[in-house]
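The report below describes selected local features of one model.

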Amino acid sequence: MAESTFSKISWTEFRPDQRRLTTGAALTGAGMLVSAAGVGLLVFELVRAGRSWTGSWEVSPGELASRTLHQAQTAAQAGREAWRTYEEQAV
């Protein structure tokens with residue numbers, strides 16, 4: 001079996017510049033901190049704007065959710081009753 005090119009590489013010659021690696025790691029860490037701060041600011045502003053917007057509604061989101069849940073329950077009950085009535089008529 002022929003020897004691969006990969007095994008012929010002398011890895012002792014691979015010597016990256018430690019100073020550049022350290023600088024790159026430091027810049028990456030700083031960039032991550034800046035991006036995390038940016039994401040935090042973005043989320044904060046979206047939440048603030050959303051709360052302000054929903055606060056100006058005449059009906060609160062909780063009340064809208066309660067009404068919609070009641071409508072869904074009523075529709076489900078009507079569907080069950082219609083199905084039972086249909087089954088009784090079919091038999």
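Arg84 counts as partly exposed because its relative accessibility is 42%, where buried means under 20% relative accessible area, exposed over 50% and partly exposed in between, with a 1.4 Å probe and protein chains only. The model is a predicted one, in which local features need pLDDT of at least 70 and side-chain atom pairs count only at pLDDT 80 or more, whereas totals for chains, interfaces and linings use all residues. Residues are numbered from 1 along each chain as its sequence is written, and side-chain values use heavy atoms, with hydrogens and water left out.

Arg84 is joined to Glu81 by a salt bridge whose closest N and O atoms are 3.1 Å apart; the term requires a side-chain nitrogen of Lys or Arg within 4 Å of a carboxyl oxygen of Asp or Glu. Glu81 is likewise partly exposed, at 36% relative accessibility. Because Glu81 and Arg84 are three residues apart in helix 3, about one helical turn separates them. An α-helix has 3.6 residues a turn, so residues three or four places apart point the same way.

Arg67 is partly exposed at 43% relative accessibility, and Glu63 is partly exposed at 36%. A search of the whole structure finds four salt bridges.

Helix 2 covers residues 18-55, and its 38 residues should span 56 Å at 1.5 Å a residue, which agrees with the 55 Å between its end C-alpha atoms. The expected span is 1.5 Å times one less than the number of residues, while helices (H or I, at least four residues) are DSSP runs numbered from the N terminus.

What caps the N-terminal end of helix 2? Asp17 does, with a side-chain oxygen 3.2 Å from the backbone nitrogen of Arg19. The side chain of Asp17 also meets that of Arg20 in a salt bridge, at 3.8 Å from N to O. Asp17 is partly exposed, with 38% relative accessibility, whereas Arg20 is exposed at 66%.

## Aromatic pairs

The structure holds two aromatic pairs. Trp53 and Trp57 form an edge-to-face pair, 5.0 Å centre to centre with 80° between the planes. Trp83 and Tyr86 form a tilted pair, 6.3 Å centre to centre with 40° between the planes. Rings of Phe, Tyr and Trp (its six-membered ring) pair if their centres lie within 6.5 Å, and planes under 30 degrees apart count as stacked, over 60 as edge-to-face and the rest as tilted.

Trp53 is exposed, with a relative accessible area of 56%, while Trp57 is partly exposed at 32%. Trp83 and Tyr86 are both exposed, and both lie in helix 3 (residues 61-90), three residues apart, about one turn of the helix.

## A nonpolar surface patch

Ile9, Trp11 and Phe14 make a nonpolar surface patch of about 350 Å². Patches are made of residues with over 30% relative accessible area and no salt bridge, nonpolar side chains (Val, Leu, Ile, Met, Phe, Trp, Tyr) being joined within 5 Å and like charges within 9 Å. Ile9 is placed in the loop between helix 1 (5-8) and helix 2, and its relative accessibility of 41% makes it partly exposed.

Key. Helices (H or I, at least four residues) and strands (E, at least two) are DSSP runs, numbered from the N terminus. A polar contact is a pair of N or O atoms within 3.5 Å; within protein, one must be able to donate a hydrogen and the other to accept it, and residues adjacent in sequence count only if both atoms are side-chain atoms. Accessible areas come from the Shrake-Rupley method with a 1.4 Å probe; for residues, only the protein chains shown count as cover.
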